[in-house]
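The exercises below concern the structure shown here.

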Amino acid sequence: MHLLAATPGLVLDDDRAVDLAQSAAGIVVLTMADSEIVGLARARAATGTKLRLANALALKHPYSVDLYVEKTLARARVIVARLLGGRGYWPYGVDRLVETARANGALLALLPGDEKPDAELQQLSTVTPEAHARLHAYFTHGGPANYEAALAFLDDLADGTAKAPLPVPVARAGRLAHVHARPGAPVAAVVFYRAHYQAGDIAAVEALVAALAVRNLDVHAFYVSSLKDASVAAFLAAELAAGRPDIAINLTGFAVGDGDPLAAFDVPVLQAVLAAQTVEAWCGDTRGLAPRDIAMNVALPELDGRILSRAIGFKGPLGRDEACETELVGFVPEPGRVAFVADLAANWVKLRRKAAGARRVALVLANYPGKDGRLANGVGLDTPAAACAILAALARE
């Protein structure tokens with residue numbers, strides 16, 4: 001077997017084994033979100049809790065899990081694993097954590113990676129249902145206060161005390177910034193995930209806001225838990241109705257479908273990407289973005305009519321937290337690509353404000369394989385007929 005040293009900030013899409021090389025600790029927290037690791041590491045600096053932090057996505061290979069159990073979990077008193085996709089996404093890891101906790105008498109909390117309770121994970125855990133629900137609430141709400149309280153609660157579980165404050169709800173959506181431009185300037189709305197706001201991992205978002213403002217756009221930036229959440233959609237719709245955007249830049253993934261608050265204003269919605277890979281990995285891969293990013297941030301958003309722009313930030317090192325024995329990873333803005341997206345947004349605004357008759361529109365059709373008779377070929381698609389329908393619609397407008 002070939003064993004690799006873990007590469008900070010890189011989640012491998014294959015199944016090679018890695019050794020995270022973390023020493024044992026009484027409290028260990030595994031998560032699939034680098035933003036949570038950053039937030040918890042900052043909370044540890046405030047609380048003094050002794051713990052280890054790691055990204056479970058780095059432990060995809062069974063041997064990686066076995067090494068982590070042997071080196072890091074062997075003497076743990078409390079183990080928390082927050083898992084996107086439930087047990088099915090990481091079955092071997094879950095089984096080994098359950099086996100280890102029961103063999104060593106450790107407290108184990110297997111938490112869902114989203115807000116929905118997971119009965120299977122709760123039943124596999126060894127903490128009480130009340131403790132499980134409380135931990136889930138800390139992570140669901142997130143933010144510095146809840147992360148600090150969560151670590152205090154883990155200390156309580158480890159030593160049998162009861163001093164941790166209860167979870168405090170954090171708004172599911174809110175405003176990050178409003179950068180004023182000149183009076184009457186076009187309005188740009190930027191939407192990104194609340195998780196980045198909670199962890200303070202917003203350098204790429206702030207870079208985009210600044211670049212849009214330099215281009216004389218009046219910028220409103222909002223964080224959201226999910227655009228599929230009805231309360232979030234209502235909040236964002238009200239905010240956008242008051243601001244009347246000319247352009248929107250979306251940094252959330254997946255598809256929204258019906259109820260998309262960004263679709264109600266008849267403006268272009270650019271899809272920008274915060275890539276879950278390093279810029280070095282991206283530059284060195286002929287495929288560009290990793291399959292996970294292609295699915296979540298390109299293919300699915302296109303179902304909502306998003307216009308793909310570019311990746312504006314990549315995972316990069318924020319420094320090592322020696323106390324937690326982990327590399328902190330966050331989204332680092334790529335200045336040239338941020339500038340490209342800001343220019344693109346400004347150009348879409350100019351196009352939108354032109355009279356329809358003054359616009360010049362081109363249709364570009366694919367031509368592969370290399371035969372003219374296969375022009376714009378698509379399985380099950382009548383592209384030439386669609387092109388004619390588009391031309392007729394443009395003429396009517």
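The model is predicted.

**Exercise 1. Determine where Asn250 lies, and whether Asn250 is buried or exposed.**

Solution. Step 1: Asn250 belongs to strand S10, which covers residues 247-250. Step 2: the relative accessibility of Asn250 is 2%, and a residue is buried when this value is under 20%. Asn250 therefore counts as buried. Step 3: apart from neighbours within four places in sequence, the residues in contact with Asn250 are Val191, Leu227, Leu262, Val269, Leu270, Gln271, Ala272 and Arg306.

**Exercise 2. Describe how strand S3 is enclosed and which way its residues point.**

Solution. Step 1: strand S3 spans residues 27-31. Five of its five residues are buried, so S3 is largely enclosed by the rest of the structure. Step 2: Ile27, Val29 and Thr31 point one way from S3, whereas Val28 and Leu30 point the other way. Step 3: the general rule is that side chains in a regular strand alternate between the two faces of the sheet.

**Exercise 3. Identify the strands that pair with S3 and the unit that S3 forms with H1 and S4.**

Solution. Step 1: S3 runs parallel to strand S5 (residues 78-83), and five bridges join them. Within this pairing, Val29 has Val80 as its bridge partner in S5. Step 2: S3 also pairs with strand S4 (residues 52-55), in the parallel sense and over four bridges. Here Thr31 has Asn55 as its bridge partner in S4. Step 3: S3, H1 and S4 together make a right-handed β-α-β unit.

**Exercise 4. Characterise the largest cavity by its volume and lining.**

Solution. Step 1: one cavity of 30 Å³ or more is counted, and the largest cavity holds about 40 Å³ of space. Step 2: its lining includes Val18, Asp19, Leu59, Tyr68 and Lys71. Strand S2 (17-19) and helix H2 (62-73) are the elements that give two or more residues to this lining. Step 3: H2 contributes the largest share, five residues. By class, the lining has six nonpolar, three polar and two charged residues.

**Exercise 5. Characterise the largest pocket in the corresponding terms.**

Solution. Step 1: the volume of the largest pocket is about 1600 Å³. Step 2: 46 residues line this pocket, and the closest to its centre are Leu84, Gly113, Tyr193, Ala195 and Phe254. Step 3: helices H1 (34-47), H5 (129-141), H7 (194-199) and H11 (291-302) each supply at least two lining residues. Step 4: the lining divides into 20 nonpolar, 13 polar and 13 charged residues.

Technical notes: Residues numbered from 1 in each chain as written. Predicted model: local features only at pLDDT ≥ 70, side-chain atom pairs only at ≥ 80, totals over all residues. Heavy atoms only, no water. Buried < 20%, exposed > 50% of the residue type's maximum accessible area, 1.4 Å probe, protein only. Contact = heavy atoms within 4.5 Å. 1 Å grid on protein atoms, 1.4 Å probe; cavity = no way out; pocket = protein on both sides within 12 Å on 5 of 7 lines; lining within 4 Å. Points joined across faces, edges and corners; volume = space filled by probe spheres on them. Nonpolar A, V, L, I, M, F, W, Y, C, P; charged D, E, K, R; others polar. Pairing = 2+ DSSP bridges. Right-handed = clockwise from strand over helix to strand, strands pointing away.
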